[in-house]
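Me: I would like to go through this model and ask what stands behind some of the terms used for it.

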Amino acid sequence: MASLYLHCTAPPSSKLRPSPQPLLSKPSPFISHARRSHRHPLRASSQSDSDSSKGRLDRRNVLLGLGGLYGATNLISPGSASANPVQAPELDKCGAATNLNNQQILDVNCCPPVTGDIIDYKLPTFYKLRTRQSAHRLNPTDVFKYNLAIQRMKELPEDDPRSFMQQAFIHCAYCNGAYNQPGQGDLDIQVHNSWLFFPFHRWYLYFYERILGKLIDDPTFALPFWNWDNPKGMTIPPIFLDPKAAIYDAKRNPDNLKAVVDLGRTGSKDPMQLVTNNLTVMYTEMVRGNADVYDFMGQPYREGTPVNPGPGSSERGSHTSLHIFVGDPREPSGEDMGNFYSAGRDPLFYCHHANVDRMWTLWKDVLPKDKVPTKDITDPDYLNASFLFYDENAQLVRVYVRDCLDTRKMGYDLQRIDLPWLDYRPPIQTALARIKRTTSFFPKVFSVFPLNLTKVVRFEVQKAKKGKADELLVLEDITVDTTKFLKFDVFVNDEDDNPLELDKAAYAGTYAQVPHKAPKKTSTTSIRLRLTDLYEDMDIGDDDSIVVTIVPRHSGPGVTIGGIKIIENPNKA
Ligand code: C2O
């Protein structure tokens with residue numbers, strides 16, 4: 001078996017040396033003397049664990065107390081609310097992880113060291129907020145500090161839970177089936193494709209950032225974010241391209257090192273068109289396409305329920321596209337960033353996710369309040385879901401979703417950068433964009449579904465209501481092969497067979513996934529795309545039906561769609 005750490009050590013060419021500056025030159029005691037606990041092996045939370053049973057009791061009280069309100073929430077919240085939150089894994093039961101592309105057991109052990117007791121994490125006090133900045137604008141001192149911190153992380157002993165590879169393994173363990181849900185048989189824990197996506201990754205980056213800061217004795221160290229939502233940030237940040245830098249990774253798509261990102265994965269080669277497409281994708285997944293908080297955050301995922309209930313618009317959109325954009329097609333499974341098990345081995349992954357995390361903050365703070373009824377999930381099964389991480393002192397801690405909802409309480413803030421996608425509503429396209437059609441021209445929904453999606457399909461769907469309606473397009477029972485990269489786009493009244501231009505009113509949204517493990521190798525979900533603005537933009541409010549085009553962006557089979565319908569937005573009075 002190949003050494004686990006073959007790929008993880010810093011490239012020998014990495015010439016970073018401690019800075020002559022006093023701040024950085026002082027070797028941290030943290031580096032050479034990782035605090036190892038020799039206490040008895042971990043006994044993680046189990047059903048009988050007093051902590052966790054207390055948590056359950058509290059939750060029931062909450063439910064009893066909020067009976068009516070909770071029931072009301074449930075009206076707009078898919079899934080049953082009678083379960084429990086997904087519990088943090090039992091680290092001592094961590095098992096083998098699976099390569100998602102071929103379902104073979106991975107030749108790496110993703111499991112973290114099991115070193116001591118778990119404590120419930122309390123957000124520490126701080127004197128100064130860390131400010132996460134755009135990686136494209138980082139000044140040389142900050143670039144130097146970033147590289148130095150990563151270099152030191154790579155130099156930590158391999159079994160130190162804060163080491164570079166152990167940090168990467170966190171992603172592998174939580175995403176590639178190494179953990180089962182405690183007390184739930186062999187039901188996996190999966191932190192993607194559900195409402196756990198944003199909170200898990202926020203906590204993950206939080207500790208990663210604190211570890212890096214500690215390694216350079218800088219409590220204000222902040223991860224940069226890859227500002228791919230702004231034209232100035234729509235290439236891989238150049239600081240990641242220096243082969244001598246600690247933040248370099250050789251396993252990236254050589255064709256995309258300097259290319260404009262393709263958030264829509266349209267395949268367009270025209271840089272100007274790509275920028276326009278990207279802004280349209282951002283506008284659609286952040287502003288136009290969502291009717292409620294779950295459309296953005298992802299679907300409810302509770303204890304004892306199957307993995308992958310459904311990703312939110314940002315996760316399945318820009319987030320997924322960038323994983324695939326960076327991953328190296330010369331590698332067997334798109335390593336590093338193109339596959340969950342290896343994604344954390346590329347420092348760019350954390351920079352990418354710092355921007356994904358930023359999207360959550362922007363969605364909550366910046367977006368117009370009238371778009372969705374609420375931007376907060378108040379369901380206790382969400383708020384009380386928990387994860388385990390090692391903190392910057394190598395202490396194993398349990399964290400809860402409820403404690404990561406406010407980045408400023410967590411000690412970090414974001415550099416303010418303009419958001420050119422915020423008002424990127426496509427120009428009104430009236431007669432020109434409308435298909436001159438007779439209703440008999442396109443097949444009706446019932447004759448097309450269920451659909452095995454292997455090529456572009458176009459069909460007619462009846463609207464729920466005539467006139468100015470607030471409506472959603474619902475794609476039901478999307479069953480996907482979880483081992484593949486899959487993506488399809490949805491257009492309304494569009495004539496193109498392979499639309500390379502998304503900056504038109506016709507683009508309704510997308511479904512996409514990074515390969516991942518699920519017990520059955522397939523998973524089923526549904527998505528909703530809001531049509532309201534499209535109706536206006538295309539002046540089709542008075543039509544009885546629309547023509548929907550589904551364009552696969554991957555090749556080959558892997559997706560079936562059970563049905564499609566248009567419903568009135570249930571959130572509007
Ligand atoms: Cu946990 Cu972007 O993946």
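**Pockets, sheet and helix pair**

Reply: In this predicted model, the lining of the second largest pocket is made up of five nonpolar, four polar and seven charged residues.

Me: What makes a residue of that lining count as charged?

Reply: Its type decides: Asp, Glu, Lys and Arg count as charged. Among the residues closest to the centre of this pocket are Arg130, Arg210 and Asp218, so by that rule these three are charged. Pro219 and Thr220 also belong to the closest group; Pro counts as nonpolar. Helix H7 (residues 197-215) gives the most to the lining, with three residues. The space in this pocket is about 350 Å³.

Me: What is known of the largest pocket?

Reply: About 450 Å³ of space lies in it. It is lined by 25 residues, and Asn253, Asn256, Arg265, Ile324 and Phe325 are the closest to its centre. Helix H8 (271-288) and helix H10 (313-326) are the elements that give two or more residues to this lining. By class, the lining has nine nonpolar, ten polar and six charged residues.

Me: Why are H6 and H7 called roughly antiparallel?

Reply: The axes of helix H6 (residues 164-175) and H7 cross at roughly 175 degrees. Angles over 145 count as roughly antiparallel, and the two helices are therefore roughly antiparallel to each other. Their axes come within 11 Å.

Me: How do you know that H6 and H7 are in contact?

Reply: Contact means heavy atoms within 4.5 Å. Phe164, Gln167, Ala168, Ile170, His171 and Tyr174 in H6 meet Phe200, His201, Tyr204, Tyr208 and Ile211 in H7. This contact has eight nonpolar, three polar and no charged residues.

Me: What makes E7 and E10 edge strands?

Reply: Four strands form an open sheet in the order E7-E12-E9-E10, with antiparallel pairing. Strand E7 (457-462) and strand E10 (507-513) each have a single partner strand, so one side of each is left without a neighbour in the sheet. From one strand to the next the twist averages 20 degrees.

Me: How do you know that E9 and E10 pair?

Reply: Pairing needs at least two bridges. Strand E9 (residues 486-492) and E10 have six, in the antiparallel sense, so they count as paired. Within this pairing, Lys487 stands opposite Ala512 in E10.

Me: Which strands does H10 touch?

Reply: H10 packs on the sheet and touches E9 and E10. The direction of H10 makes about 55 degrees with that of E10.

Conventions: Residues are numbered from 1 along each chain as its sequence is written. This is a predicted model: local features need pLDDT of at least 70, side-chain atom pairs count only at pLDDT 80 or more; totals for chains, interfaces and linings use all residues. Side-chain values use heavy atoms; hydrogens and water are left out. On a 1 Å grid over the protein atoms alone, a cavity is a set of points where a 1.4 Å probe fits but cannot get out, and a pocket is an open set with protein on both sides within 12 Å along at least five of seven lines; lining residues have an atom within 4 Å of a point. Grid points are joined across faces, edges and corners, and a volume is the space filled by probe spheres set on the points. Axes are lines fitted to C-alpha atoms, for helices over the stretch in contact, and angles run from 0 to 180 degrees between N-to-C directions. Angles under 35 degrees count as roughly parallel, over 145 as roughly antiparallel, 65 to 115 as roughly perpendicular and the rest as oblique.
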